[in-house]
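Trainee: I have a structure open here and would like to talk it through with you. Could we start with the overall picture and then go into the details?

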Amino acid sequence: MALTNVFLLLVVAIIGAVCFLPTVAPAAGIEKRVHYRGKSEDGVSLMFNVYWGTDEVKKILDILDEHQSKATFFIGGSWADDNVPLVKEIADRGHEIGSHGYFHKDQDKLSFEGNYKEIQTSADFLARASGKEIKLFAPPSGAYSEQTVDAAESLSMQTVLWSKDTIDWRDKDADVCYRRATENVEGGDLILMHPMAHTVEALPRVLKSYAEKGLRTITVGENIA
């Protein structure tokens, strides 16, 4: 009986010790391999995540040309499949194209193989459509895991998020979009937008504000280089 009690106490002690052991997050330090901002002292980058808004994309391109600005378009493969000429036009106008996945999946829920397939399929299609090598990947909804970054790097691509989010997909207000894109802006900022009507409305003011602050509007690739 005494031996049984001793054994039970030993088991409890072992379980307690295991429960309080420090746990190691599988993605520890992964943020260091993801770009949340750039390195430019006088350049900011507009990131347009595109899965919709074909007419708005065309208007955005015209506004960027008017202000002699460059941007990066992170394009979803399923949208690109329906808009190949426009993908080519974005590249021909001197803008950068990155991958935004193919089907807007939650990349953090995918295995390495799932991440690899989603990124590779979109990047290969965008490369064929644009004639440009695709070097950047922006995970949909900003959701990523270590497997996501590993998969992107295995394809010689860098994973990009943002330092400022206009949240224009949710808050459909041009003034709010303008404020979030310009408030406390500084060199190196990566500013997330989407092709929305109110974003198009705010964009000329945004670009004018950057110019008044002495900030260039450059691609993400140039900003993080």
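Mentor: The protein has nine helices and nine strands, and please keep in mind throughout that this is a predicted model.

Trainee: How much of the protein is buried?

Mentor: Of the 225 residues in the protein, 48% are buried. As for contacts, if we take those between residues at least 6 apart in sequence, 78% of them join residues at least 24 apart.

Trainee: Okay, now helices H4 and H5: at what angle do their axes cross?

Mentor: The axes of H4, which covers residues 84-92, and H5, which covers residues 112-130, cross at roughly 75 degrees and come within 8 Å. Angles of 65 to 115 degrees count as roughly perpendicular, and therefore H4 is described as roughly perpendicular to H5.

Trainee: And which residues meet there?

Mentor: From H4 there are Val-84, Val-87, Lys-88 and Ala-91, and these meet Phe-125, Leu-126, Ala-129 and Ser-130 of H5. By type, the residues of this contact comprise six nonpolar, one polar and one charged.

Trainee: Switching topic, how many aromatic pairs are there?

Mentor: The count comes to three aromatic pairs. One of them is formed by Phe-48 and Phe-73, whose ring centres are 5.2 Å apart and whose planes lie at 20 degrees. Planes under 30 degrees apart count as stacked, so that is the label for the pair of Phe-48 and Phe-73.

Trainee: Where do Phe-48 and Phe-73 lie?

Mentor: Phe-48 is in strand E2 (residues 43-50) and Phe-73 is in strand E3 (residues 72-75), so their pairing ties together parts that are 25 residues apart in sequence.

Trainee: Is Phe-48 buried or exposed, and what about Phe-73?

Mentor: Phe-48 counts as buried, with a relative accessibility of 1%, and Phe-73 counts as buried too, at 0%.

Trainee: What about Phe-112 and Tyr-116, how are their rings arranged?

Mentor: Phe-112 and Tyr-116 form a tilted aromatic pair, with 6.1 Å from centre to centre and 35 degrees between the planes. Both belong to helix H5, and because they are four residues apart, about one helical turn separates them. Phe-112 counts as partly exposed at 30% relative accessibility, and Tyr-116 is also partly exposed, with a relative accessible area of 27%.

Trainee: One last thing, which residue lies over the face of Tyr-178?

Mentor: That is Arg-205, which lies over the face of Tyr-178 at 4.8 Å from the ring centre.

How values were computed. Residues numbered from 1 in each chain as written. Predicted model: local features only at pLDDT ≥ 70, side-chain atom pairs only at ≥ 80, totals over all residues. Heavy atoms only, no water. Axes fitted to C-alpha atoms, helices over the stretch in contact; angles between N-to-C directions. Helix = DSSP H or I, 4+ residues; strand = E, 2+ residues; numbered from the N terminus. Parallel < 35°, antiparallel > 145°, perpendicular 65-115°, else oblique. Contact = heavy atoms within 4.5 Å. Nonpolar A, V, L, I, M, F, W, Y, C, P; charged D, E, K, R; others polar. Phe/Tyr/Trp six-rings, centres within 6.5 Å; stacked < 30°, edge-to-face > 60°. Buried < 20%, exposed > 50% of the residue type's maximum accessible area, 1.4 Å probe, protein only. Lys NZ or Arg CZ within 6 Å of the ring centre and 35° of its normal.
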